[in-house]
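User: I have a model open and want a quick tour. Can we go through the contacts and packing together?

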Amino acid sequence: MGTANVIWVYAELSGKEPKKIALELMTKARELAEAMGGSAAAVVLGTGARTAAEKLAQHGASVVYVAEDERFGNVLTTPHADALSGLIKEKSPRAVLFGATNSSKDIAARVSARLGLGVIADAIAIQVNGNELHVVNPAFGGSLLVTSTFTDANTAFIIARAKAFAAEERPQPLKIEEVKPVYTAAPQARITGAVAQPEARVSLEEANVIVSGGRGLGAPENFKLVEELAQAFEAAVGASRAAVDAGWISYPHQVGQTGKTVKPKVYIACGISGAIQHKVGMQTSDIIIAINKDPDAPIFSFADLGVVGDLHQIVPLLAKEIRKRKGA
Amino acid sequence: MYRLADAQRMLQAVVRELAQEKIAPRAAEIDDKGEYPWDMKELLARQDLLALPFPEKYGGTGSDLFTFCLVVEEIAKVCASSSLIVLVQALGSFPILIAGTETQKQRYFPKLASGDWLAAFALTEPGAGSDAAAMKTRAVLEGDHYVLNGSKCFITNAGIAQVYSVFAMTDPHKGVKGISAFIVDADSPGFRLGKIEHKMGIRGSQTGELVFDNCIVPVGNLLGNEGDGFKIAMMTLDKSRPGVGAQAVGIAQGALDYAARYAKERVQFGAPIANLQAIQFMLADMAMQVEAARCLVYEAAARVDAGEKGITMSSAMAKCFAGDVAMRVTTDALQVLGGYGYMKEYPLERMMRDAKITQIYEGTNQIQRLVIARALLASY
Amino acid sequence: MNIVVCVKQVPDTTAEKRLDANLRLDRASVDNIINPFDEYAIEEGLRLQEAHGGEVALLCMGTESAQETLRKGLAMGADRGVLVTDPALAGSDAWATSYVLAQALKRMSYDVILCGMQTTDSGTAQVPGGVAEFLGLPQLTWANKVEISDGKATIQRQSDAGYDVVEAPLPVVISVIKGINEPRYPSLKGIMQARRKELQIWSLDDLGISQDMVGVLGAKTKVLGYSRPAPRAKGQLIQEDSQTAATRIADFLVQARVL
């Protein structure tokens, strides 16, 4: 296994399009494959896979393996694991790249357990070194970067963070291979419905701009200041652990060590002191802007622009300013 | 040297977490509003922290005084008012624990241990603070009950508690030997709440006056025998003073923790002020004092637990020293914060106001020195 | 209904961490705590027990010191604990951890296996799925709500747009996210009782697992080295009236070509 110098991407769908992160991974897979003298491929499962294949080919996939079975949409994890493990056994790719989403992590877990494969998660960099793949991931709250590799020649699983790599076009001729998975008869988890959450409008991992609120907001109702500013930017809404623990906003918005790790172009922290807990989740943002009344707040020691002042006044004024300039 | 048992270590860690996460966020508001924090009382009851002094057979946890002190200290680090809820539950119940009959214990302990009822300790009077013999409250036996007349002042949990340990003169000619102790239910005929005090610190605890106006107390509620009251009160204070010491240590430690963290963050002259030797020396002095006070408190508690003799002196030393340390350390910790320390936005002025009471209640620190000197000189 | 909650001991997330000469975490230098996500799993287990009866057992793989972690879970109210510990387990990866837990689970009785969504130290989120795979069970992961009725479990699973409703027949592996509940603090009586509760210790031999499958010997990945990322530089700090401050932020974004 894992002898072919082929790097795969397990590409998740968002409707009939590949997810943004799938294109980022595809670009990286192509680059790694070229460095190894091989090629890149993608695996797409679910309704819309054929349509999505085109974009993946544009981003470097020489082959796109597709299976359009309804069960991928209404059964959790196991059919995907069956399809993927069957393919891996047949084709023995060198590595499979997964995006760090809940579903991809689940599928990687089942397949790696089934086939006895090594997994390195939370990757932010991947390099080819001779015949080895070196994977870098942050540890201990980002204070260290760990470089790891795999100890055997089996297919390597790498789960990468969103925005670790840039998506670029590397057009390949579109070549689709239909897959006919063999499904195991094990009991299944079936998806029977969905509960929409209006506040989850823009996903934190994919957002270009994130506006986050912390304890400095003072009261739960002040979170609407953050939400208004986020609307002005069409940004996602984040929060510190303190704000989540106080019940001001739900957990999926939490950024930090026990929440999400984000990497937007701009991160605006309102009333967040910047404790290590929080810093870990947002320190790789391109630009950090912090508004805080306390001039000694630790966040000012790593913000690109620190503003000492009353966020209750500044945030609405900034929202107005942004709307004005965007309108112009 | 003391060493914590595994269960004590876990309890300490759990109470620390509880205090940081659930009590600390309420501390400023409790102080500001000056209202009894019923939510904190419910929280402490739910965690069995009001059950500490009571034997297991009455629904308590049968914990020793050392464990009790660990709990009080952790809560006092973040909120002195909330720590007082635990302290007074013990203080008000110790007289029953010391002198109560089986019937009395069965009647009162289960509901006190669960926190359904709260207790209070009523010794002090307007004219009898440190001088117990000057007590004016009278109790006269009439058939199957005593009739109490008089008043008590500065009583923690006045109007909050269901159960009061009350001290009254049954024989004024005998001085302190004429004092008797009674359990008075809050709904006793002729018993009412008088003036509620407006205090400098521990503002979340209700302190007030108790008025006995021909108050009827059944004979069955006499603790021990007539004339045992003073002895019961002194034995109670011997047991309760290490707890006050633990409260003082907690307040001091909370202030030191805050000042030390602040000093590492606050930048002046281009560097954290913790780099300045002037600040370092202040922090070192504070740390030494807190540690010394803690050792005295734990030692006193351990002696009470071991049933040793001479606990009056060690309890008085623990309470007195820790109270003085709390006052000094909170004052210095506030100083480390400079102007910010003086502002209500920061917790240090509250800690300083809360610290003051530990030098005053359960016997002023002057009385403690008297107690210590008496015991000391008697041994030569 | 029998419930097993998988728990792990991790270094305190707020503590500063050091590495030893073997590039592994110097565990003596930090306090150990129960993985914060596992507290939600224990709480959910206790709530399911309150509603449906049965037993809540805790299962942990770790060093001897992890007994402390198990005692905390027992103090919260779990009935008994099992610790799988063996010197050969040091350095185990997610595959080995899932495998060992699954082998231990085969010797226990379960209808529901609960896990925290991930750990705060390695954080791969691979163990719940791995355990499910090794046991041939369905998995209900990232649950924000759990209900059990008529021999099946129904959860709300965190998705990009909100939550999916997912159901599976028992027995099942469920992983829970933070916020699903508010974990209780152990009460003093709970702490006292925890000392008297059963805590079994199993070795690899007890589970019939050979040493070369786990730990450093069995690891499918290895660490090559560490580096320290360059710390973020401090930017500019301004203190202006609110309108000027808002304008300066907008100007900054224009300069950075975000606006």
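User: What scores does the model get?
Analyst: This is a predicted model. The model scores ipTM 0.91 and pTM 0.89.

User: And what is the average pLDDT of chain C?
Analyst: Chain C averages a pLDDT of 92. In chain C, 93% of the residues score at least 70.

User: Contacts next. How many residues of chain A are in contact with chain C?
Analyst: Chain A has 75 residues in contact with 69 residues of chain C. On the chain A side, the elements giving two or more residues include α5 (102-115), β10 (144-150), α8 (276-282) and α9 (311-327).

User: Which element gives the largest share of that side?
Analyst: α5(A) does, with nine residues.

User: How does that side of chain A divide by class?
Analyst: The side of chain A that touches chain C has 37 nonpolar, 26 polar and twelve charged residues.

User: Which strand of chain C pairs with β10(A)?
Analyst: Strand β12 (residues 221-227) of chain C pairs with β10(A). The pairing is antiparallel and has six bridges.

User: How many residues does the contact between chains C and B take?
Analyst: Eleven residues come from chain C and twelve residues from chain B. On the chain C side, α2 (66-76) and α5 (188-194) each supply at least two residues. α5(C) gives the most to that side, with four residues.

User: And the classes on the chain C side?
Analyst: The side of chain C that touches chain B divides into six nonpolar, one polar and four charged residues.

User: Switching to strands. Why is β14 of chain A largely enclosed by the rest of the structure?
Analyst: Five of the five residues of β14(A) (residues 209-213) are buried, so the strand is largely enclosed.

User: Which way do the residues of β14(A) point?
Analyst: A:V209, A:V211 and A:G213 point one way. A:I210 and A:S212 point the other way. All of them are buried. As a rule, side chains in a regular strand alternate between the two faces of the sheet.

User: What are the strand partners of β14(A)?
Analyst: One is β16 (residues 266-270) of chain A, which runs parallel to β14(A) and is joined to it by five bridges. There, A:V211 stands opposite A:I268. Another is β15 (residues 236-239) of chain A, also paired in the parallel sense, over four bridges. In that pairing A:I210 stands opposite A:A236.

User: Now chain B. At what angle do α3 and α4 pack?
Analyst: Helix α3 (residues 65-78) and helix α4 (residues 80-99) of chain B pack at about 155°, with axes 7 Å apart. α3(B) and α4(B) are therefore roughly antiparallel.

User: Which residues make that contact?
Analyst: From α3(B), they are B:F68, B:V71, B:V72, B:I75 and B:A76. α4(B) brings B:A80, B:S82, B:S83, B:V86, B:L87 and B:A90. By class, the contact of α3(B) with α4(B) has nine nonpolar, two polar and no charged residues.

User: How does α3(B) pack with α7?
Analyst: α3(B) and helix α7 (residues 277-305) of chain B pack at about 150°, with axes 8 Å apart. B:L65, B:F66 and B:C69 of α3(B) meet α7(B) residues including B:V297, B:Y298 and B:D305.

User: And the classes there?
Analyst: The contact of α3(B) with α7(B) has eight nonpolar, no polar and one charged residues.

Key
Residues numbered from 1 in each chain as written. Chains lettered and ligands numbered in written order. Predicted model: local features only at pLDDT ≥ 70, side-chain atom pairs only at ≥ 80, totals over all residues. Axes fitted to C-alpha atoms, helices over the stretch in contact; angles between N-to-C directions. Parallel < 35°, antiparallel > 145°, perpendicular 65-115°, else oblique. Contact = placed C-beta atoms within 7 Å. Nonpolar A, V, L, I, M, F, W, Y, C, P; charged D, E, K, R; others polar. pLDDT = per-residue confidence, 0-100. Pairing = 2+ DSSP bridges. Buried ≥ 20, exposed ≤ 12 C-beta atoms within 10 Å, placed from the backbone.
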